[in-house]
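Visitor: Hi, I have a chain open on my screen. Can you walk me through it?
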Amino acid sequence: MSLAKIALPAALLLLAGGCKSTGEIDTSSGVGITALRSPCPHVGVPAGTGDVTTFNPADSRDASAIDVTATLTNVTSSCDNGAEQVNTTVGFDVFARRANGDGARDVTFPYFVTVVRGGSSVVAKRIGHVTLHFDAGQIRAQAHATATTTVDRAAATLPQDVRDRLNKKRKAGEEDAAMDPLADPSIRQSVLSATFEALVGFQLTDDQLKYNVTR
């Protein structure tokens, strides 16, 4: 399936906890921070897209009309960054509950996976579908789904001059010892531009997104 460029609604904000970068104090150089980063994208769920509710009748928003609710959770990722294209497989579970347990029933929900660059620029989006099966008499069901993303390794790699600035050894007493390289707008922008996120969530209608945000 090819990737298509799209724009996400402004209401979709990245949930906290998506970042998996690691940092440690570089005591051997006297003063400084060594940032350990990877070309693999950070994985998360945009706020407001982690659950979905359907109603019967469809135009009602009364609690008594809730038909099926579903939650997207247990998001995991596996990244292969050994080639020019960095491939990430995102896995997640969907747990659903229906109001009426009469008869067996299948319910399908669309979901998206997007690649976001620099925290705000959506460069690609892919749509998938996950189907949950309810046995007769049961009101709960669950399913597992996966999605994949691809990021160009070169785009996710910091330029050498930026790496040199960030990795420069700084010693106490020197003029630049107390200066954070990320305070330089050009350095900060380079790091941001090389940072990618793989975000997954339910592909909601405008009404479903509004319901999630305002309920």
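Guide: Let's start with a pair of strands. Strand β7 (residues 105-117) pairs with β8 in the antiparallel sense, over 13 bridges. Two strands pair if DSSP finds at least two bridges between them. Strands (E, at least two residues) and helices (H or I, at least four) are DSSP runs, numbered from the N terminus.

Visitor: Before we go on, what kind of model is this, and how are residues numbered?
Guide: This is a predicted model, where local features need pLDDT of at least 70, side-chain atom pairs count only at pLDDT 80 or more, and totals for chains, interfaces and linings use all residues. Residues are numbered from 1 along each chain as its sequence is written, and side-chain values use heavy atoms, with hydrogens and water left out.

Visitor: What else does β7 join to?
Guide: Strand β10 (residues 196-202). Seven bridges join β7 and β10, and they run antiparallel. Val-115 has Ala-198 in β10 as its bridge partner.

Visitor: What order do the strands of that sheet have?
Guide: The order is β3-β10-β7-β8. This is an open sheet of four strands with mixed pairing. β3 (42-44) and β8 (121-134) stand at the edges with a single partner strand each, so one side of each has no neighbour in the sheet. From one strand to the next, the twist averages 20°. Axes here are lines fitted to C-alpha atoms, for helices over the stretch in contact, and angles run from 0 to 180 degrees between N-to-C directions.

Visitor: Zoom out. How many helices and strands are in the chain?
Guide: Three helices and 10 strands. From the N terminus on, the elements run β-β-β-β-β-β-β-β-β-α-α-β-α.

Visitor: How much of the chain is buried?
Guide: Of its 215 residues, 36% count as buried. Buried means under 20% relative accessible area, exposed means over 50%, and partly exposed is in between (1.4 Å probe, protein chains only).

Visitor: Now α3. Which of its residues are buried?
Guide: Gln-208, Leu-209, Tyr-211 and Asn-212. Seen down the axis of α3, these buried residues fall within an arc of 160°, so they line one face of the helix. The arc is that of the directions from the helix axis to the C-beta atoms.

Visitor: And what is on the face turned away?
Guide: That face of α3 carries the exposed residues Asp-206, Lys-210, Val-213 and Thr-214.

Visitor: What do the buried residues of α3 pack against?
Guide: Two strands, β4 (51-55) and β5 (66-80).

Visitor: Pick one residue there. What does Gln-208 touch?
Guide: Gln-208 touches Val-52, Thr-53, Thr-54 and Gln-203, not counting residues up to four places away in sequence. Contact means heavy atoms within 4.5 Å. The side chain of Gln-208 also has a polar atom 2.9 Å from the backbone nitrogen of Thr-205.

Visitor: How far is Gln-208 from Thr-49?
Guide: Their C-alpha atoms are separated by 9.1 Å. Along the chain, Gln-208 and Thr-49 are 159 residues apart.

Visitor: Why does Asn-212 count as buried?
Guide: Asn-212 counts as buried because its relative accessibility is 12%. Its side chain reaches the backbone oxygen of Gly-48 at 2.9 Å. Leaving aside neighbours within four places in sequence, Asn-212 is in contact with Gly-48, Asp-51 and Leu-204.

Visitor: Last one. Is Thr-53 buried or exposed?
Guide: Buried, at 7% relative accessibility. Thr-53 is found in strand β4. Leaving aside neighbours within four places in sequence, its contacts include Ile-66, Val-68, Gln-208 and Tyr-211.

Notes
Polar contact = N/O pair within 3.5 Å; in protein donor to acceptor, adjacent residues only side chain to side chain.
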